[in-house]
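Please read it alongside the sequence and the structure.

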Amino acid sequence: MPTFDRTTIVRGPCKITYDGATFYSKGGVALTLTNATFDKETDAYGVVGKAKTDLQIVVEFEPIGEIEHLTVLFPYGNTAMGAGIYGGTDKPLVIVATDGTYTVNNAAITQMPSIRCSANNTAFGSVQFTGLLDIGGDPSLLADYYSVAGGNPIGTAFDATKLITAPYRATLGGSIGPFFSEGGFEIAFELGLNPITVDGIGTVDMSLQNLGATITFIPTGISKTSFDTFFGSLDAGEELASSTLDITTATVGGLNFDCAAVQLLDLQNRFSPTDNRLGQVTLAAKRTFNTGAPVDLFTVAAVS
């Protein structure tokens, strides 16, 4: 009869440190090591094996919602297209738990967290980091990607006073708003990254190829025709109308999210005895320029 030692099962929370910032997670933290492969294939026998082409380490978690370290979580608002995101110096991501300290030697954010401007939810969605081979590293050595050392307590750095949930209002240009939303304002980011690979080494960097932001909300306390001007006087092929966007709160420590320009993609009207007439509005951030130089696609800061 087989036996089992229950002490071999390891569980427990952690804290994450990266680029001078300390994060706690709303839920669990997942660290995944993935070998990218190619098939060794023969006509007579099909695939007879898989060989490694790359190793990447992905760490994903939802920050607890402490409104701090915004420049760490949202680093790409003014990054030039084509620029490498890993830089000239490795930035380690360290996961500290009581059973071990897990260090990803060279990490960068490859998916920025969504932002929830709401009185009924914490501020951030999931963030994703990807770890690559460190500078000058040997791709045959796991230690040049990742290491595990002794564990430590997760400490006392968590500050519950920075979990700011507050009512937010938005203003479009100088004429629409400020207005509230039925369920808060949700901002999602689209990050296009191009892997930079070297044969025999793997991925050594990623360059920024595109950056987008989509803002969704259900406006309330505003005329049902307020957004109709975004749809008129446009021929096919003509640039969509645009406007500045400001989402903010009067609560100190909350978030202030701004876009120099947004364009309205869709507007829903609802006909129901239980729903307000105006439904979801979807806006997309638009790149603007100042004397030929690109303006930050978005800015996010804490209200002081």
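Strands (E, at least two residues) and helices (H or I, at least four residues) are DSSP runs, numbered from the N terminus, and two strands pair if DSSP finds at least two bridges between them. The model is predicted, so local features need pLDDT of at least 70 and side-chain atom pairs count only at pLDDT 80 or more, while totals for chains, interfaces and linings use all residues. Residues are numbered from 1 along each chain as its sequence is written, and side-chain values use heavy atoms, with hydrogens and water left out.

**Overall make-up**

- The protein chain contains 21 strands and 1 helix.
- Its C-alpha trace spans about 70 × 50 × 45 Å along the principal axes.
- Of the 304 residues, 41% are buried, meaning under 20% relative accessible area with a 1.4 Å probe, protein chains only.
- Among contacts (heavy atoms within 4.5 Å) with a separation of 6 or more, 68% are between residues 24 or more positions apart.

**Surface and charge**

- The chain has 16 positive and 30 negative charges, and their mean positions lie 8 Å apart.
- Lys and Arg count as positive and Asp and Glu as negative, with His and the chain ends not counted; each charge is placed at NZ of Lys, CZ of Arg, CG of Asp or CD of Glu.

**The open sheet of β3, β4, β9 and β7**

- An open sheet of 4 strands has the order β3-β4-β9-β7, with antiparallel pairing.
- β3 (30-42) and β7 (107-111) are the edge strands, each pairing on one side only.
- From one strand to the next the twist averages 40°, where axes are lines fitted to C-alpha atoms and angles run from 0 to 180 degrees between N-to-C directions.
- Within this sheet, β4 (residues 46-61) and β9 (residues 127-131) are antiparallel and joined by 5 bridges; Val59 has Phe129 in β9 as its bridge partner.

**Partners of β17**

- β17 (residues 255-269) pairs with β16 (residues 242-248) in the antiparallel sense over 5 bridges, and Ser243 stands opposite Val262 of β17.
- The hairpin of β16 and β17 has 6 residues between the strands, and Gly253 there adopts a positive phi near 95°.
- β17 also pairs with β21 (residues 299-302) in the antiparallel sense over 4 bridges, with Ala302 as the bridge partner of Leu255.
- With β18 (residues 278-285), β17 forms 6 bridges, again antiparallel; here Asp266 is opposite Thr282.

How values were computed: Buried < 20%, exposed > 50% of the residue type's maximum accessible area, 1.4 Å probe, protein only.
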